[in-house]
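Please consider the chain shown below, with its sequence and fold side by side. The account that accompanies it moves from helices to cores, then to single residues and a pocket.

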Amino acid sequence: MSERERTFVMIKPDAFARGLVGTVVSRLEDRGLNLVGMKVEILDEETAHEHYAEHEDKPFFDDLVDFITSGPVVPMVWEGEDATRQVRQMIGATDPLEADAGTIRGDYALDLGRNVVHAADHEDEGANEREIAIHFDEDELVSYEGHDETWLYE
Ligand code: CDP
Ligand code: MG
């Protein structure tokens with residue numbers, strides 16, 4: 001049975017600079033997911049390290065931290081049935097060259113290091129709870145029933 005859940009998504013500095021915030025938000029809204037938290041901020045180095053802790057030992061880590069702290073990002077929390085997997089499918093493969101057309105990365109990105117959007121990984125148990133807690137206090141997230149739920153869910 002499918003689960004209603006919250007998932008962490010973040011618009012990266014490249015997409016912010018390119019004016020793609022509205023586009024990314026629209027895609028997730030249009031799919032039927034509920035936006036329950038959103039802010040604009042510039043990550044400090046400590047937060048960036050925490051956010052990408054799993055990649056600490058990778059050769060691309062320093063560049064990744066430099067990039068993700070280089071300008072405004074838009075951390076968000078979205079809610080819906082199987083939200084984590086739905087969003088991962090919508091953003092597409094990590095490398096835009098591998099991302100299917102129709103996915104966010106497949107439609108708006110060309111380079112692995114400038115791939116527009118981050119989303120918590122459904123294969124990483126606990127990623128949502130961890131990443132939401134890094135970027136949001138619980139009282140910054142809202143709970144509500146969407147007016148269209150009868151038409152989105154059986
Ligand atoms: O973002 P996603 O979960 O799809 O991929 P990841 O494997 O968790 O990697 C995090 C981010 O590091 C990617 O989104 C890329 O921007 C970056 N990366 C990179 O610059 N070079 C790599 N070889 C792999 C990832
Ligand atoms: Mg990842």
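The paragraphs that follow describe selected parts of this structure in turn.

The model is a predicted one, in which local features need pLDDT of at least 70 and side-chain atom pairs count only at pLDDT 80 or more, while totals for chains, interfaces and linings use all residues. Residues are numbered from 1 along each chain as its sequence is written, chains are lettered from A and ligands numbered from 1 in the order in which they are written, and side-chain values use heavy atoms, with hydrogens and water left out.

A residue is called buried under 20% relative accessible area, exposed over 50%, and partly exposed in between, with a 1.4 Å probe and protein chains only. In helix α2, residues 21–31, the buried residues are Val 24, Val 25 and Leu 28. Viewed down the axis of α2, these buried residues fall within an arc of 95°, so they line one face of the helix; the arc is that of the directions from the helix axis to the C-beta atoms. Contact, here and below, means heavy atoms within 4.5 Å. The buried residues of α2 pack against the strands β1 (4–11), β2 (34–38), β3 (74–81) and β4, and against the helices α5 (83–91) and α6 (104–108). Just after α2, Gly 32 takes a positive phi of about 115°.

In soluble globular proteins, nonpolar side chains tend to be buried together. A nonpolar core is defined here as a set of buried Ala, Val, Leu, Ile, Met, Phe, Trp, Tyr and Cys residues joined through side-chain atoms within 4.5 Å. The largest such core has 20 residues, of which Leu 28 and Met 76 touch the most other members. Two or more residues of this core come from each of β1, α2, β3, α5 and β4, and the largest share, four residues, is that of α5. A second, separate core of 18 residues includes Phe 8, Met 10, Leu 43 and Phe 136. Gly 37 lies in strand β2 and, at 5% relative accessibility, counts as buried. With residues up to four places away in sequence left out, Gly 37 touches Pro 75, Met 76, Val 77, Phe 136, Glu 140 and Leu 141. Gly 37 and Val 9 are 28 residues apart in sequence and 10.0 Å apart in space, C-alpha to C-alpha.

Asp 82, in the loop between β3 and α5, has a phi near 50°, a positive value in a residue other than glycine. At 24% relative accessibility, Asp 82 counts as partly exposed. Val 116, in the loop between α6 and β4, has a positive phi of about 75° although it is not a glycine. Val 116 is buried, with a relative accessible area of 0%.

Helix α7 contains Ile 134, which counts as buried at 18% relative accessibility. Leaving aside neighbours within four places in sequence, Ile 134 is in contact with Thr 47, Glu 50 and His 51.

The pocket comes last. On a 1 Å grid over the protein atoms alone, a pocket is an open set of points where a 1.4 Å probe fits, with protein on both sides within 12 Å along at least five of seven lines, and lining residues have an atom within 4 Å of a point. Grid points are joined across faces, edges and corners, and a volume is the space filled by probe spheres set on the points. The largest pocket has a volume of about 500 Å³. Of the 22 residues that line the largest pocket, Lys 12, His 55, Phe 60, Leu 64 and Thr 94 are the closest to its centre. At least two lining residues are supplied by each of α4 (61–68), β4 (117–119) and α7 (127–135), and α4 gives the most, with three residues. The lining divides into eight nonpolar, five polar and nine charged residues, where Ala, Val, Leu, Ile, Met, Phe, Trp, Tyr, Cys and Pro count as nonpolar, Asp, Glu, Lys and Arg as charged, and the others, Gly among them, as polar.
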